[in-house]
Amino acid sequence: MGLVQWLKGQFLCHLVICYGFFVSGLLINLLQICTLPLWPINKQLARRINCKLGYSLTSQSVALLEWWSGTEVTLYTDPENYQLYGKENAIVVLNHNFEIDFLCGWTFCERFGVLGASKCLAKKELSYLPVIGWMWYFLEMVFIKRKWEEDKSNFVQSLQNLRDYPENFWFLLHCEGTRFTEEKHRVSMEVAEKKSLPKLKHHLLPRTKGFWVAVQNLRGTVAAVYCCTLNFRNNETPTLWGVLNGEKYHPDLYVRRIPLESIPEDEAECSAWLHKLYQEKDKFQEDYSQTGCFPGPKVTPPCRPWALINWLGWTCLLLYPLCLLLVQLVNSGSLLTIMATVAFCAAVSFGVRWMIGQTEIKRSSISCGRLHLVDTWECTEPIQSTDTSRACIQHLCCSR
């Protein structure tokens, strides 16, 4: 292990990275709040400013993956479609199997210049969280409570608000609704058998209602659906901790561009179309597991320097006052002050470890009451079964 790699694994480096991210995030949140008076005067200008501020925060995570970890996503796609990426609005459908698939998705956005305007479907609770949640609020993310009767009008209105968005945006949907685990896959395939649907080996059954509503409300605004299938070479199991420790991973991303006009408008037909799409995605994953590559030519989009420049800029800006503070603490010789500083660093460390721990796949629960679902809505009828698997099957059947 080289010296640089050893340094990347040290707690002090992690503390500096997390300090820069959270403090810069709070400052960006403050700047976003300052744009509120601008919204009634010039809404489009306020949106553009928030896109730049959002980029300044999310690109730090991209820089962590690309420059700190050294991970580079290899893209498999049609060269003709490649020319359109970043020049049109799109709905991105991505599998949800890995702890860092969102980082790989952000890297894809960054390479084509749409990171600041990227959207996703998120739980309502996230909008109350400082830094990421507040940033997403100002970026007009679509938040849901996962109860269709309560979410329907807000979901539709949020999508309609994107029709005049001033920047090209990509709207991410994890149609499986939750991250893949063996237990969730077993339950999902029981649902497939119950509903006479073809079983999938590498995916959960897609939830079709949210996809259909999104497609219907974004027709005329979005040009295509980007069907994205992500995998990692050599059976790598990437983690956010690994990225923070500087471990290099080798993701491959297969992207197909599907014109939106080719997707059926009827809900039942659209549902059948989405199930067929996931059967195709499943076959691509199976072929990848056997051959180690996706079909089609490989393309490596040029790496842009802006994420690194932004990250280094924030780090230098925020480290200077921190270093001055540490020098004053040492010179003061106050035992109480030094102990308070150590306690603060320990609290930051604990908080960072807790948040990263929430991204771990093993933390995901199969219990319906705690299942982390995105792009799904709960059944309106109460589930009385005490058996977890049967309760979840009922839940999944009702949500389709």
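Which residue forms a salt bridge with Arg 111, the closest N and O atoms being 3.0 Å apart? Select Glu 66. A salt bridge here is a side-chain nitrogen of Lys or Arg within 4 Å of a carboxyl oxygen of Asp or Glu.

This is a predicted model: local features need pLDDT of at least 70, side-chain atom pairs count only at pLDDT 80 or more, and totals for chains, interfaces and linings use all residues. Residues are numbered from 1 along each chain as its sequence is written, and side-chain values use heavy atoms, leaving out hydrogens and water.

Stay on Arg 111. Its side chain also meets that of Glu 72 in a salt bridge (3.8 Å, N to O). Arg 111 is buried, at 10% relative accessible area; Glu 72 is partly exposed, at 37%. Buried means under 20% relative accessible area, exposed over 50%, partly exposed in between (1.4 Å probe, protein chains only).

Next, select Arg 233 and Asp 252. Their side chains form a salt bridge (3.0 Å, N to O). Arg 233 is partly exposed, at 28%, while Asp 252 is buried, at 0%.

Now show the strands (E, at least two residues) and helices (H or I, at least four), which are DSSP runs numbered from the N terminus. Eight strands form an open, mixed sheet ordered β4-β3-β5-β2-β6-β7-β1-β8. Strands pair if DSSP finds at least two bridges between them. β2 (residues 90-94) and β6 (residues 224-232) pair in the parallel sense over five bridges.

Finish at Trp 170 and Phe 211. They have the most contacts inside the largest nonpolar core, of 90 residues. Such a core is a set of buried Ala, Val, Leu, Ile, Met, Phe, Trp, Tyr and Cys residues joined through side-chain atoms within 4.5 Å.
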